[in-house]
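Good morning, and thank you for the time. Please keep the display in view as I speak.

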Amino acid sequence: MNIKILSRNSSLYSTQRLIEAAKKRHHEVEVIDPLKCDLIIEKKHPSIYYKGRHIEDADAVIPRIGASVTFYGTAVVRQFEMMGVFSTTESQSLVRSRDKLRSLQVLSRARLGLPKTVFTNYSKDVGEVIDHVGGAPLIIKLLEGTQGLGVVLAETKNAAESVIEAFNGLQARVIVQEFIKEAGGADIRAFIVDGHVVGAMKRQGKEGEFRSNLHRGGSASIIQLTDEEENAAIKAAKAMGLGVAGVDMLQSSRGPLILEVNSSPGLEGIEHATGKDIAKSIIRYIERNV
């Protein structure tokens, strides 16, 4: 098969591992920067030109679309779909996953456990917002934040009011969530491929840090999911319509709580923590569908 990886940087760990896994299984593979694609939209022959070259030999694409290029990257994925090319991440699911608020509403509709969350239209009654999530401490998240950026832990009601009012004054959209103390600054990432958990790790924030993101200095170790956690992760990926997903969960006294479903999860942390060949699982997913 001929596989195209949509990535802006071919030297990234995830991109390199996907190239390696595809070549090991005797596929042709090419990395394409989605921002350098020109889309020709017409009735009978929608097409893509990459650096002036007509792309006509693709069997499948693996989107590795960064959050900052979601709009154009999604348009490129959609164009490949119009050309009859299989995508490991469908364009509509990619758009849905990048909207934090919409994602939480989709997960809520699927009856999945979530931290209690409040979203308002820059409400002046900040005290009521805080009370809705059970008071301080609480978490405040920018809707556009990624990799732990734009996430604040407000430990007191006064601090929470100040932060929310500051964001409101900047016309920055935020969600307010309850703080799950028993999680202890750790979360779980379950990596889903084609409806199955192919690896799971526990990420622990560094000393004094409530965010467990590896980009923020957290550490990762392999974990055996409970049946409840595994079912929640699979159900979350399915609700979002994602064939490949990283599902982030908190362990709480009332069961697993879904934080986020990532449509372009990195491979480095999960492969190093679990010792599993996640890239191979993604290539085999393509083989089963093309």
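This is a predicted model: local features need pLDDT of at least 70, side-chain atom pairs count only at pLDDT 80 or more; totals for chains, interfaces and linings use all residues.

Three strands form an open sheet in the order 3-4-5, and their pairing is antiparallel. Strand 3 (37–40) and strand 5 (53–55) are at the edges with a single partner strand each, so one side of each has no neighbour in the sheet. On average, neighbouring strands here are turned by 30 degrees against each other, direction ignored.

Consider next how strand 4, residues 47–50, meets strand 5: the two run antiparallel and are joined by 3 bridges. Within strand 4 and strand 5, Ile48 stands opposite Ile55. Helix 2, residues 70–82, lies across strand 3, strand 4 and strand 5, and it runs at about 50 degrees to strand 3.

Finally, how many aromatic pairs does the structure hold? There is 1. The ring centres of Phe86 and Tyr285 are 5.6 Å apart and the ring planes stand at 80 degrees; the pair is therefore edge-to-face. Because Phe86 belongs to strand 7 (residues 86–87) and Tyr285 to helix 9 (residues 278–289), the pair ties together parts that are 199 residues apart in sequence. Are these two residues, Phe86 and Tyr285, buried or exposed? Both Phe86 and Tyr285 are buried.

Definitions and conventions: Residues are numbered from 1 along each chain as its sequence is written. Side-chain values use heavy atoms; hydrogens and water are left out. Two strands pair if DSSP finds at least two bridges between them. Helices (H or I, at least four residues) and strands (E, at least two) are DSSP runs, numbered from the N terminus. Axes are lines fitted to C-alpha atoms, for helices over the stretch in contact, and angles run from 0 to 180 degrees between N-to-C directions. Contact means heavy atoms within 4.5 Å. Rings of Phe, Tyr and Trp (its six-membered ring) pair if their centres lie within 6.5 Å; planes under 30 degrees apart count as stacked, over 60 as edge-to-face and the rest as tilted. Buried means under 20% relative accessible area, exposed over 50%, partly exposed in between (1.4 Å probe, protein chains only).
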